[in-house]
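Please look over the sequence and the model first.

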Amino acid sequence: MRPFKAILQLPLSLLVASLTVRAAAVPVKSTHLTPEDFKQTISEGVWFVEHFSPYCGHCQKFEPTWMNLVEEFEKSSDPGIHLAQVNCAVNGDLCSENGITGYPQMNLYRNGEFVEMYRKDRDFDMLVEYISTHAEPTATPSVPSTTAAVEIPTSTRPAEPLHVQTARAALNPSGAVVSLGPDNFQDFIDQGPTFIKFFAPWCGHCKKLAPVWTQLARHMQNKLNVAEVNCDDHKSLCTSQGVTGFPMLFYYAHGAKTEYTGGRKYEQLIAFTDKAAAPTMEEITADALEGYVQKHPVLYLLLHSSPDTAIVHEVGKDSHLLLGSPPIYTSTSQELFNRYSVPTTSSWALLALKDHDSKIPTSMYYPSSTKAQGSLTTWLLENRLPTSVELSRDAFQQVMNAPHKPLVVIAGSYKDSEENIPEKIVDIGKKWKLSKGHEGQREVVFTWMDGGQWGSWMKNMYGMKANSGPAVVIADHQSLLYYDQDPSGQPIKLTSTSIFSAIDGINQGSVNAKHSENMIERFIRGLNDGANWGAAWIAEHPYMTVFIIAASLVTLVIVVKRALSEDLSTLRGDSRKSNRLD
């Protein structure tokens, strides 16, 4: 009670002054929204809404930054944007309805419609830049009449970057998931790039993905078609599209189909679709190339002469299958033509630059090259992986199930190992890239796996043990085969000599493969593959199936009838023979 008495004994003027100073120090109050007023409040204008929980440590840490943002924008008479908050601990249903998957999450809304989720760092300056970019002030800044507009001569205007993207119809105008069946499937994917989920209502993983898929469609409004197919209702359609499990996700663009094998979390799907819907290519200068090479583990560089724009649009069309990874950059720089020794007879060339190395392309595709005899799409898919990469959960599917079926060198990385496994793998990968003599062979990707996280899987799948030194295998994952010996029968060691020898032996067929499945698993998989093949064949040849079944039934009836007839004849013959005296 003593502090309270002390306050009462203060002079009134001093107490008022103290309270005045205290009130001035109170931060600007943020608008809090509830289920009752959320939709009505954000129905007009641009709103940036933070969804948070008072129990979340990240939210508590971010609170001062948010209050500074509120003060920064609300002090303006015409900020063009409003900031508000939703307490998810109190209004959990509203947060679920808004697709909140973590705290704090900030969503941008315009006239009551969801636009996108803020995905950058929660840094004050970056937030201010982002909010300012999306603000829509009602007043238009006036230009003093005494100031004359200065016309920049055409010859001195800076050239804008070229963004190449094929023309598209209005995609996903409603921001909703579209249900497809045999009647509308082809017409729908012909409209433009489409992301489709094939599912079964009873599938647990499908149920878990359903709300995320709805949020994804909302995010990709006016950007990308998002749809789904119920495989219980449309079995023949799903079989014809190669659906072998649930859920399966396929991206369709320009008559081609690519399976999405990445993560199924909202953030991962958003990252994928944002890339897929982004402009296909961007033009860069020779001086800027090094910066992009250091930014991306793999990128493609299209060099072309200024008049040759047809190849730009051809590559832009085919590159949709890459789903935004790796990116493609274009340039007309003669300096780059000379640097990479592009034949003078070629008006264009496509280069693959990997592992942050801008000096030596890992592959080059141009009109007169032997590679150009094959499909441009095939070349793009075969060169999209880095030479060396950690085989993490996110990279696993992209590497192990790559459509061109590379050989994957896998080394287990353990904390108690005396060797720096990742560093050695990267070094061996560089030596492989520089070595000659493996042109035309299967691509090889050099990887390492965290033994602490993946140790049990590596042991069960490939027999790799932590206590046996740096274990190395070479996996042919899509055939469920692996190799752990070189041609001499010795275990593969973590050296370039041993690994290169084993790779050569695999390509020459002199190294025996081992199965990563046991006999029972292989038998069950064989039955399953046979059943899937039969179902696919029946779906593709329904009339032939009916004919074969009918012919088989007729044949069976004839055979049975003939057998019965022969049995009756035999019985009659035996009866007559028994009545004869001789």
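The notes below go from the overall make-up to local details.

This is a predicted model: local features need pLDDT of at least 70, side-chain atom pairs count only at pLDDT 80 or more, and totals for chains, interfaces and linings use all residues. Residues are numbered from 1 along each chain as its sequence is written, and side-chain values use heavy atoms, with hydrogens and water left out. The protein has 20 helices and 22 strands. Helices (H or I, at least four residues) and strands (E, at least two) are DSSP runs, numbered from the N terminus.

**Overall make-up**

- Of the 582 residues in the protein, 41% are buried. Buried means under 20% relative accessible area, exposed means over 50%, and partly exposed is in between (1.4 Å probe, protein chains only).
- Take the contacts between residues at least 6 apart in sequence: 70% of them join residues at least 24 apart. Contact means heavy atoms within 4.5 Å.

**Helix H8**

- Helix H8 covers residues 204–219, which is 16 residues. From first C-alpha to last, H8 reaches 24 Å, close to the 22 Å expected at 1.5 Å a residue. The expected span is 1.5 Å times one less than the number of residues.
- H8 has a kink of about 35° at alanine 210, shortly before proline 211. The bend at a residue is the angle between axes fitted to the seven residues ending there and the seven starting there.
- The buried residues in H8 are Cys206, Leu209, Val212, Trp213, Gln215, Leu216, Ala217 and His219. Cysteine 206 counts as buried because its relative accessibility is 2%.
- These buried residues pack against strands S5 (113–117), S8 (194–199), S9 (225–230) and S10 (248–253), and against helix H10 (266–277).

- Five strands form an open sheet in the order S7-S9-S8-S10-S11, with mixed pairing. Its edge strands are S7 (178–179) and S11 (256–260), each pairing on one side only. Two strands pair if DSSP finds at least two bridges between them.
- Strands of a sheet pair through backbone hydrogen bonds, either parallel or antiparallel.
- S7 and S9 pair in the parallel sense, over two bridges. Serine 179 stands opposite glutamate 228 in S9.
- H8 lies across S8, S9 and S10 and runs at about 160° to S8. Axes are lines fitted to C-alpha atoms, for helices over the stretch in contact, and angles run from 0 to 180 degrees between N-to-C directions.

**Cysteines**

- The count comes to two disulfides. A disulfide is a pair of cysteine sulfur atoms within 2.5 Å. Counting bonded cysteines along the chain, the pattern is 1-2, 3-4.
- Cysteine 88 and cysteine 95 form a disulfide, with sulfur atoms 2.0 Å apart. The torsion about their S-S bond is about -90°, so this disulfide is left-handed. Cysteine 88 is buried at 6% relative accessibility, and cysteine 95 is buried at 3%.
- Cysteine 231 is joined to cysteine 238 by a disulfide, S to S 2.1 Å. That link is left-handed, with -90° about the S-S bond. Both cysteine 231 and cysteine 238 are buried.
- Cysteine 59 counts as buried, at 5% relative accessibility.

**Backbone details**

- Most residues other than glycine have a negative phi, and most peptide bonds are trans.
- The peptide bond from tyrosine 103 to proline 104 is cis, with omega near -15°. Proline 104 sits in the loop between helix H5 (92–97) and strand S4 (105–110).
- Phenylalanine 246 and proline 247 are also joined by a cis peptide bond, with omega about -15°. Proline 247 is in the loop between helix H9 (235–240) and S10.
- Asparagine 172 is not a glycine, yet has a positive phi of about 45°. It lies in the loop between strand S6 (163–164) and S7. At 4% relative accessibility, asparagine 172 is buried.
- Serine 341 has a positive phi, near 50°. Its place is the loop between helix H13 (334–339) and S15. At 59% relative accessibility, serine 341 is exposed.

**Threonine 362**

- Threonine 362 is in the loop between strand S15 (348–354) and strand S16 (363–365). Its relative accessible area is 23%, so threonine 362 is partly exposed.
- Leaving aside neighbours within four places in sequence, threonine 362 is in contact with Ala352, Lys354 and Lys433.
- Threonine 362 and proline 386 are 24 residues apart in sequence and 9.8 Å apart in space, C-alpha to C-alpha.
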